[in-house]
Amino acid sequence: INFPTQDNLTGVFFPTPDTGYVVTRSGTIARTTDAGKSWGGVQISKTTLEDIYFSDPRTAYVCGGGGRLLKSEDAGRNWVDRSLPDTSITLLSVRRVTPLSLVTTGLTHDSAKNIIGVLMRSTDDGHTWTRLPVYGIGFGELQLTPDKTVRFLSWGGLNTSNDFGAT
């Protein structure tokens, strides 16, 4: 594959069989429109990017280090900053669960430098965020089922929300 970077790939999403996106450790987003035969890339962040997710063919979200969260409404051509105010959080995954509600998982450190999981929810399309109670010490990628059930792994457990990430 003729890929535009030698960087570590950290997230991938194909909204269609031919069109796909990857994000990298150095903040690059790369796009293919021919099922991976060729790629174009552009660096959009100085921080690590961890995940990319399309909630529909035009609306994309990217998250990563420093509380970074970006949104695109034109299939990744332009990005709007929806980052968290707390830059100590590394966001690992993001999903839109309703037209205005987003859920993210991430990691940060407590005062003793222990890694702790972070679960955040926005009900206004990422303009403001609420930190939810922690259920585990490390969180993985969010999964969203067709009925909008949210699931994610934490070290030692599987967490499920049936109310769009509220609990």
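Salt bridges, strands and buried residues

Visitor: Which side chain does Asp81 meet in a salt bridge?
Guide: The side chain of Asp81 meets that of Arg68 in a salt bridge, at 3.3 Å from N to O. A salt bridge here is a side-chain nitrogen of Lys or Arg within 4 Å of a carboxyl oxygen of Asp or Glu. Asp81 lies in strand β8 (residues 80-81) and Arg68 in the loop between β6 and β7 (69-72), so the pair ties together parts that are 13 residues apart in sequence.

Visitor: What sort of model is this, and how are the residues numbered?
Guide: This is a predicted model, in which local features need pLDDT of at least 70, side-chain atom pairs count only at pLDDT 80 or more, and totals for chains, interfaces and linings use all residues. Residues are numbered from 1 along each chain as its sequence is written, and side-chain values use heavy atoms, with hydrogens and water left out.

Visitor: What does "strand" mean here?
Guide: Strands (E, at least two residues) and helices (H or I, at least four) are DSSP runs, numbered from the N terminus.

Visitor: Is Asp81 buried, exposed or partly exposed?
Guide: Asp81 is partly exposed, with a relative accessible area of 46%. Buried means under 20% relative accessible area, exposed means over 50%, and partly exposed is in between, using a 1.4 Å probe and protein chains only.

Visitor: How many salt bridges are there by that rule?
Guide: The count comes to seven salt bridges. One of them joins Asp56 and Arg96, whose closest N and O atoms are 3.2 Å apart. Asp56 lies in the loop between β5 (49-54) and β6 (60-64), and Arg96 in strand β9 (residues 90-96), so the pair ties together parts that are 40 residues apart in sequence.

Visitor: What does Thr59 touch?
Guide: Leaving aside residues up to four places away in sequence, Thr59 touches Tyr53, Phe54, Lys71, Ser72, Glu73 and Arg96. Contact means heavy atoms within 4.5 Å. Thr59 lies in the loop between β5 and β6 and is buried, at 8% relative accessibility.

Visitor: Let us turn to the sheet. What order do the four strands have?
Guide: The open sheet has the order β1-β2-β3-β4, with antiparallel pairing. Two strands pair if DSSP finds at least two bridges between them. β1 (9-13) and β4 (40-43) stand at the edges, each with a single partner strand, so one side of each is left without a neighbour in the sheet. The twist averages 20 degrees from one strand to the next. For such angles, axes are lines fitted to C-alpha atoms (for helices, over the stretch in contact), and the values run from 0 to 180 degrees between N-to-C directions.

Visitor: How many bridges join β2 to β3?
Guide: Four bridges join β2 (residues 20-24) to β3 (residues 28-32). Gly20 stands opposite Thr32, and Tyr21 has Arg31 as its bridge partner. The hairpin of these strands has three residues between them, and Gly27 takes a positive phi near 95 degrees there.

Visitor: Where is Thr104, and is it buried or exposed?
Guide: Thr104 is in strand β10 (residues 102-109) and is buried, with a relative accessible area of 0%. Its contacts, apart from residues up to four places away in sequence, include Leu91, Trp129 and Leu142.

Visitor: Finally, where is Asp147 found?
Guide: Asp147 is in the loop between β13 (143-144) and β14 (150-154), and is exposed at 57% relative accessibility.
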